[in-house]
Amino acid sequence: MVVIQIAFSTTLCGLLAQTKLISIDGAFERRRVKLFSLYVFAFVGAIYSSAMALRHSNVETVIVFRSSTPLAVSALEVAF
């Protein structure tokens, strides 16, 4: 399911770029790829963990934990 969502997003971005509705810089420089690789892995990890959380629990539990994330962040911010 996650693969379908990512493939659809990639295809849609490609189609929008071909119709000139958005601009995508097509130059893949090694430096840029290195800079964004951490973000890409974090994004894919977040999607994967969300899918696994939904697989092993119900939607309400996932919503409660996602909603409590700002509370945890604020507590950690005060602590650190």
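**Note on the predicted protein chain**

1. The protein chain has an accessible surface of about 7,300 Å², and 71% of this belongs to carbon and sulfur atoms. Accessible areas are from the Shrake-Rupley method with a 1.4 Å probe.

2. This is a predicted model, in which local features need pLDDT of at least 70 and side-chain atom pairs count only at pLDDT 80 or more, while totals for chains, interfaces and linings use all residues. Residues are numbered from 1 along each chain as its sequence is written, and side-chain values use heavy atoms, with hydrogens and water left out.

3. The protein chain has four helices and zero strands, in the order α-α-α-α along the sequence. Helices (H or I, at least four residues) and strands (E, at least two) are DSSP runs, numbered from the N terminus.

4. The radius of gyration of the protein chain is 17 Å, whereas a compact globule of 80 residues would have one near 12 Å. This radius is taken over C-alpha atoms, and the globule rule is 2.2 Å times the number of residues to the power 0.38. The C-alpha trace spans about 45 × 30 × 20 Å along its principal axes.

5. Of the 80 residues, 1% are buried (under 20% relative accessible area, with a 1.4 Å probe and protein chains only).

6. The mean positions of the 7 positive and 4 negative charges lie 11 Å apart. Lys and Arg count as positive, Asp and Glu as negative; His and the chain ends are not counted. Each charge is placed at NZ of Lys, CZ of Arg, CG of Asp or CD of Glu.

Conventions:
Buried < 20%, exposed > 50% of the residue type's maximum accessible area, 1.4 Å probe, protein only.
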